[in-house]
Amino acid sequence: MSSENPRVHPVHPVDADVVEVPVDAEVPTPDPVDDADAVTPEHDPDEIRISFLLFPNLTQLDLTGPAQVLSRVPGARVEYVAATLDPVPSDCGLALVPTTTIAGAGPADVLVVPGGDGAFDAMLDPAVIAFVRREADRATWVTSVCTGAFVLGGAGLLAGKRATTHWASKPMLAAFGAQTSEDRVVADGSIVTAAGVSAGIDMALWLAAELVGQPAAEAIQLQIEYDPQPPFDAGSAQRADTRVVTAARTAAEDARGDRVARAAAAVMR
């Protein structure tokens, strides 16, 4: 296998052990994984393979925002990966059509995992977790948008890593040993996480610059006319009404905390 491709930096998930881990408990950080025996996959230097993971009830903008950016990267070959080739319903009713299956997907340079409430079921799906771990072993970049970070956590990829996710669910991310950040896009080695929904576009532009250089990324930003000028300054939990923020976080933990605890118990020591 060739090891000269500068885009290849393998990531290795933490070995899974089943333990009881409450969501609000202090979580030990697993021992670092020895990469000495890592196998670097072969990749076509003229082609950037980008896989987007699809699962029911994903948030479509988590996927379509980055897809609009990354599909424009020179040399990009995009695949939409799901359990089957059947249309996948998103959380807004829009169905998304896969191009390949988890079983049939080839190795990717970039994996993008969207969020949505469906991510909290996906992180408990053995087939999804096995796919994410498989891709992490051979991808250059493993990325998530919004609560897609919980799928990475369920695969054991966030222990000891700086990471972010949607603000309402961020406190629960610590159950996977992640060091949560207030940044909109967080890169820690080959793991890149984005905050909620629209942050996926920011992440994708950052990643495009890493893949093909800033001038090409800026050209993509201009092509999609990404120049946000929202009518309200209410898009951040740091500026929104604290009562609204507290209530939303409580609701998120009530709705998702049990699933997070189960996924964390399966991966953390």
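## Before we start

Contact, or touching, means that heavy atoms lie within 4.5 Å. What you see here is a predicted model, in which local features need pLDDT of at least 70 and side-chain atom pairs count only at pLDDT 80 or more, while totals for chains, interfaces and linings use all residues. Residues are numbered from 1 along each chain as its sequence is written, and side-chain values use heavy atoms, leaving out hydrogens and water.

## Thr101 and its surroundings

Let us begin with one residue. Thr101 belongs to strand β5; helices (H or I, at least four residues) and strands (E, at least two) are DSSP runs, numbered from the N terminus. Which residues does Thr101 touch, not counting those up to four places away in sequence? They are Val81, Ala82, Ala83, Thr84 and Leu85. Along the chain, Ala83 and Thr101 are 18 residues apart, yet 5.4 Å separates their C-alpha atoms.

Ala82 has Thr101 as its bridge partner in β5. Strands β2 and β5 run parallel and are joined by two bridges; two strands pair if DSSP finds at least two bridges between them.

## The sheet

Now step back to the whole sheet. It is open and has seven strands, in the order β5-β2-β1-β6-β7-β11-β10, with mixed pairing. At the edges are β5 (100-101) and β10 (185-188), each pairing on one side only. Strands of a sheet pair through backbone hydrogen bonds, either parallel or antiparallel.

β1 (residues 48-53) pairs with β2 (residues 76-82) in the parallel sense, over six bridges. Opposite Arg49 stands Arg77 of β2, and Leu53 has Val81 as its bridge partner in β2. Together, β1, α1 and β2 form a right-handed β-α-β unit: with the strands pointing away from the viewer, the path from the first strand over the helix to the second runs clockwise.

## Two helices side by side

Two packed helices are described by the angle between their axes and the distance between the axes.

On the α1 side, the contact is made by Gly65, Pro66, Val69 and Leu70, and on the α5 side by Gly200, Ile201, Ala204, Leu205, Leu207 and Ala208. By class, that gives eight nonpolar, two polar and no charged residues (Ala, Val, Leu, Ile, Met, Phe, Trp, Tyr, Cys and Pro count as nonpolar, Asp, Glu, Lys and Arg as charged, and the others, Gly among them, as polar).

## On to α6

Helix α5 also meets helix α6 (residues 214-223): their axes come within 7 Å and cross at roughly 145 degrees. From α5, the contact uses Leu205, Ala208, Ala209 and Val212; from α6, Gln214, Ala216, Ala217, Ile220 and Gln221. These residues divide into seven nonpolar, two polar and no charged.

Conventions: Axes are lines fitted to C-alpha atoms, for helices over the stretch in contact, and angles run from 0 to 180 degrees between N-to-C directions.
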